[in-house]
Each structure stands twice: as structure tokens, then as C-alpha cells.
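Here are my quick notes on this one, for when you have the model open.

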Amino acid sequence: DLYNFRQIAADTKVHGVIGKPIGHSKSPHLYNSAFRALGFNGIYLPLLVDSVANFINTYSSPDFVGYSYTIPHKEDGLRCCDEIDPIAKEIGAISCMIRRPTDGKLMGYNVDYLGAIAAIEEALRASNGAPASGSPLAGKLFVVMGAGGAGKALAYGGYEKGARVVVANRTYAKAKELAGKVGGQAITFDELKDFHPEEGMILANTTSVGMKPRIEDSPLPKEALKHYSLVFDAIYTPKWTRLLQEAKECGAIVVFGTEMFINQAFVQVERFTGLPAPKQLMRDVLARNT
Ligand code: ATR
């Protein structure tokens, strides 16, 4: 039951994840299991695609209703939408595309940031100091390392939740541009080492520093981590990056990159099916397949 399909019928709705490579993707297993548990008449395929435009033009049938986008097609996907969500437009990339049933138009969204932000909020709520209502990120100093696609997504997400955003990037010009858009402050990586205007800040790493195979690297020295109450790393191979290990040793709450993935999968399942995601089942499926 590799893909855990329900029976395919003439009216089964087709979904998939568009990327290259795609063989490693855990999404088909995860989404098909969710569809099955929900009794939703849909399938979800791994789609190895060279040209997003060719794919979209070829599979234009109304039954092809929903796609997730992964590397390297998030920007190309955006160019193939009929309508684009404002945040996806700002980020310059989509992670999810849905065919609107009323007119067949392809709608593009970026839900990556919703997953990361939801994971950070959940961890803050579970810890003590979080307010009972509103976002626990509101008013917090939220430092985003990196200003690529994931950095933009996190910065917009933090901004939407009322956090005071600081963008730290190796290339300062990119930090400045992004910070300007979210009413935040831009600093360089070097400046970040000594940046602690207050204690209890939130840190999100979206750079590739520390990703397998360079697992000895960390984007920030351990001494700097003591000023943070929570550290999130978008990297999920390895799960325990050096950054997260050292943050833990400094007493911070740590949020794993895998949480970003599972939370954005919940969002997409809900958008594809219109039903609440079977969260525990999806966590179990992912745990069994990692
Ligand atoms: P993604 O879409 O995953 O965000 P990306 O757009 O390639 O990937 O962005 C990579 C980010 O990691 C950038 O912010 C990059 O910094 P630059 O803008 O200066 O290139 C950052 N990055 C990559 N390698 C880095 C390194 N060795 N040190 C610091 N930052 C690094």
C-alpha cells in the first residue's frame, strides 16, 4: 500500500506534488493516508516535472485540482497561476495551487510560512509565558536568519502576527529589502553575533548552514544563543542541527524543521479537502516513514 490509494473512480480528484527530483518525497504517502482517513475521493501523486508550464497546459482537465510545489519549481509555479495570493506574490513563490471549481482558474498560495509560524506559536503556547489570547508572537522580537524564499516567508509570517521582525542575512542588501517590506530592521550576520537589544528573543534559521552533510556548521555562535527563548531551524536533515543542539543547551525551546513540514501539510490537506486534517494520523504516518 505504498500510496494507500482509495479506489480510483471517474470522479476521483487528482492532486500531486510537483518537483524535480521527487522520488524522495514523503508527501504522497502522507496525503493519500489523510484523504483515505477522511473518506475524501482524491489521490495524490509524485509528479516529476521539467517544465511547469508544459505540465499545466497538458493536464488542464477539471479533475486535476490541486498541487503542492517543491524545489525547484516554486517560482515557476507562481508564473503559471491565474490568480496569486498577495503573500505568495510578495514572497515570489508558491507552495500550493488549487483549481477553483467555479471557473477552473488556478489559484496560487504560499502556505510554507503558515506551517512554520503555527509550529512556533504552538511551542510558545505550550511553554509558560504565552498570553491566553492572540498570537504569542505579537510584540516579540523575531530574528529571521536568511532572506531567500524561506526567509521571506518567515518574515512575512512574523509581521502578520505582530512580531517586531529583524532580518539578518549574509548579503546585507537582501536583508534590507526584505526588512523594508515588513517594517523591520536589517542587520548583517556579523552584527547578529552581538545583537541583543533585549532578552527572550525568537530566532528562525532559514539559511542552509548546518544542513547535511555540513552538520558541524552553525549559523550563529553558541554564546549568542543565550539571548533567545525559542529557536526554530527550517533545516530538517538532520533533525538536531548544531544550532538546535546548542540552543537547547542554552535553555531555549527548540522547534524542529519537521514541524514546519507537517504543519504546512495540515494546511494543504484542509485546503484540498475542505475538511479538518487528521493531524495525529498524519504525524504517525510521517513518523513511520522517516
Ligand atoms: P531558500 O529558498 O531555502 O530560502 P535560498 O533562496 O537559496 O533558499 O536562500 C538561501 C539563504 O541562505 C540566503 O539568505 C543565503 O544568504 P545570501 O543571501 O547571502 O546568499 C543564506 N546562506 C546560504 N549559505 C550561507 C552561508 N554559508 N552563510 C550565511 N548565509 C548563507
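1. A quick definition before the burial figure: a residue counts as buried if 20 or more other C-beta atoms lie within 10 Å of its own. Keep in mind that this is a predicted model. By that cut-off, buried residues make up 47% of the 290 in the protein chain.

2. On overall shape, the C-alpha trace spans about 60 × 40 × 35 Å along its principal axes. A compact globule of 290 residues would have a radius of gyration near 19 Å, and the protein chain has 19 Å, so the two agree.

3. As for the fold, the protein chain has 11 helices and 12 strands. Take the contacts with a separation of 6 or more: 62% of them join residues 24 or more positions apart.

4. Have a look at helix α10, residues 257–273. From first C-alpha to last, its 17 residues reach 25 Å, close to the 24 Å expected at 1.5 Å a residue. Of those 17 residues, 13 are buried, so α10 is largely enclosed by the rest of the structure. Just after α10 comes Gly274, with a positive phi of about 75°.

Notes:
Residues are numbered from 1 along each chain as its sequence is written. This is a predicted model: local features need pLDDT of at least 70, side-chain atom pairs count only at pLDDT 80 or more; totals for chains, interfaces and linings use all residues. Helices (H or I, at least four residues) and strands (E, at least two) are DSSP runs, numbered from the N terminus. The radius of gyration is taken over C-alpha atoms; the globule rule is 2.2 Å times the number of residues to the power 0.38. A residue is buried if 20 or more other C-beta atoms lie within 10 Å of its own, exposed if 12 or fewer, and partly exposed in between; C-beta atoms are placed from the backbone. Two residues are in contact if their C-beta atoms, placed from the backbone, lie within 7 Å. The expected span of a helix is 1.5 Å times one less than its number of residues.
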